[in-house]
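Please read the points below with the sequence and the 3D view open beside you. They go from one chain as a whole, through the contact between the chains, to single residues.

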Amino acid sequence: MDLSVFLPLLIVMALTTYLVRALPFTLFRRRITNARVKAFFELIPYTVLSAMTFPAILYATGSFPSACAGFVVALILSFLDKSLLTVAIGTCLATLAATGVLMYIGK
Amino acid sequence: MADTTDTNRNASVPAASNGGTFREGLKDGLAIGLGYLSVSFSFGILAVASGLSWWQAVLVSAANITSAGQVAGVGIMVSAGGLIEMMVSQIVINLRYSLMAIALSQRTDKSMTTLKRILLAYGLTDEIFGVAVSKKHEVGSRYFFGLTVLPVIGWVSGTLLGAVLGGIFPDFLTNALAVGIYGMFISIVIPKAKRSRMIAVCALLACGISSLFFYVPWLKEHVSSGFAVIIAAVVAALAGVFCFPHEEDTGKEAV
């Protein structure tokens, strides 16, 4: 890609992304005491991750059945309190295995 | 102890209520780094397929360390979009980092000085945040720095590998690798949801709302995926705040 197009866009992109993180992290430090506001910020991480994961995970592989296999295995391993890495690897392996099965039966 | 709120749980918490060590951070970051290696591999493939050169793809990853924002950003670069468009899209898609930064600020200890915040903010991602806030101890600057090192290396080197080798890998392999990042998200949410009904209900609600944005044609057409995540997350969290008014008073679980 032409540098005269790429560079300005890259700089704006990086700067925006950085400031979105750094401004609140640097400026907002007081401990929140209001119970409801506090509960909101305790919930936000989990609602963000949930909203990002579902339903996007079902379409992440380009094949619905193989993605479902990965999703189900991720749920099971997480319910068993397995570590981050175990769950991530298990999810990939389940997806791979399902893809293999689908290829074998010719879909 | 800097923990002023939950004095009743100090019996079960070991004396090591510091902000954690650099080593501990490195160790916790390993899983994220490996996950990022595979996800950014897909990004590298995508970026090169879209028309960026390999080093441009690597530069985008090194300067941003974010998945959804980069995919959208590359789209704008390829269509030679405007600077304002780039800025607005990145603000909308990455606004969750602002919420996370404030939430993380609730758990940092005194070692997190202004200068360290300015430097460490660079590495604040969904997964790093998720792991940092799931710790029983407060988040110190050494721990947080350690936590970011391997993910950043993984993210950048995965992009490089994907950009250079992407064409060689078969599709089914890269697809399977791409799903791993979601597995990681799930492994952060489920253990918390098991122990807190409020988190479980809100997480399900967030999934439901984001599904609406995905499956209702009008919403899918008019609301970007970055915005959909923000709306779903904020609405679900607000619902939790107003439907479970007393749960966090019990202090039975350090959520």
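1. A residue is called buried here when its relative accessible area is under 20%, exposed when that area is over 50%, and partly exposed in between, with a 1.4 Å probe and only the protein chains taken into account. By that rule, 52% of the 255 residues of chain B count as buried. The model is a predicted one, in which local features need pLDDT of at least 70 and side-chain atom pairs count only at pLDDT 80 or more, while totals for chains, interfaces and linings use all residues; side-chain values use heavy atoms, with hydrogens and water left out. Residues are numbered from 1 along each chain as its sequence is written, and chains are lettered from A and ligands numbered from 1 in the order in which they are written.

2. Chain B has 13 helices and zero strands, where helices (H or I, at least four residues) and strands (E, at least two) are DSSP runs numbered from the N terminus. Two residues count as being in contact when they have heavy atoms within 4.5 Å, and among the contacts in chain B between residues at least 6 apart in sequence, 78% join residues at least 24 apart. The accessible surface of chain B, from the Shrake-Rupley method with a 1.4 Å probe, comes to about 11200 Å², and 70% of this surface belongs to carbon and sulfur atoms.

3. How many residues does the contact take from chain B and from chain A? It takes 102 residues from chain B and 66 residues from chain A. The buried area, meaning the accessible area (1.4 Å probe) that two parts lose on being put together, summed over both, is about 7700 Å² between chain B and chain A, with carbon and sulfur atoms giving 75% of it.

4. Between chain B and chain A there are 23 residue pairs in polar contact, both residues being at pLDDT 80 or more. A polar contact is a pair of N or O atoms within 3.5 Å; within protein, one must be able to donate a hydrogen and the other to accept it, and residues adjacent in sequence count only if both atoms are side-chain atoms. On the side of chain B that touches chain A, helix H4 (residues 83-105) of chain B gives the most, with 17 residues.

5. A salt bridge is a side-chain nitrogen of Lys or Arg within 4 Å of a carboxyl oxygen of Asp or Glu. The whole structure has five salt bridges over all chains, and two salt bridges lie across the interface of chain B and chain A. In one salt bridge, A:Asp81 pairs with B:Lys194, with the closest N and O atoms 3.1 Å apart. This pair crosses between chains, from the loop between helix H3 (64-79) and H4 of chain A to helix H9 of chain B. A:Asp81 is partly exposed at 37% relative accessible area, and B:Lys194 is partly exposed at 38%. A:Asp81, B:Lys194 and B:Arg195 are linked in a network of salt bridges.

6. Within chain B, the side chains of B:Asp126 and B:Arg96 meet in a salt bridge at 2.6 Å, N to O. The pair links helix H6 of chain B, which holds B:Asp126, with helix H4 of chain B, which holds B:Arg96, 30 residues apart. B:Asp126 counts as buried because its relative accessibility is 2%, and B:Arg96 counts as buried because its relative accessibility is 3%.

7. Helix H6 (residues 126-134) of chain B is mostly covered, since eight of its nine residues are buried. The buried residues of H6(B) pack against helices of both chains, including helix H2 (35-53) of chain A and helix H1 (22-50) of chain B.

8. Two threonines of chain A deserve a look. A:Thr26 is in helix H1 (residues 3-27) of chain A and counts as buried because its relative accessibility is 14%. A polar atom of the A:Thr26 side chain lies 2.6 Å from the backbone oxygen of A:Ala22. Leaving aside neighbours within four places in sequence, A:Thr26 is in contact with B:Thr114, B:Arg117 and B:Ile118. A:Thr99 lies in helix H4 of chain A, and the side chain of A:Thr99 reaches the backbone oxygen of A:Thr95 at 2.6 Å.
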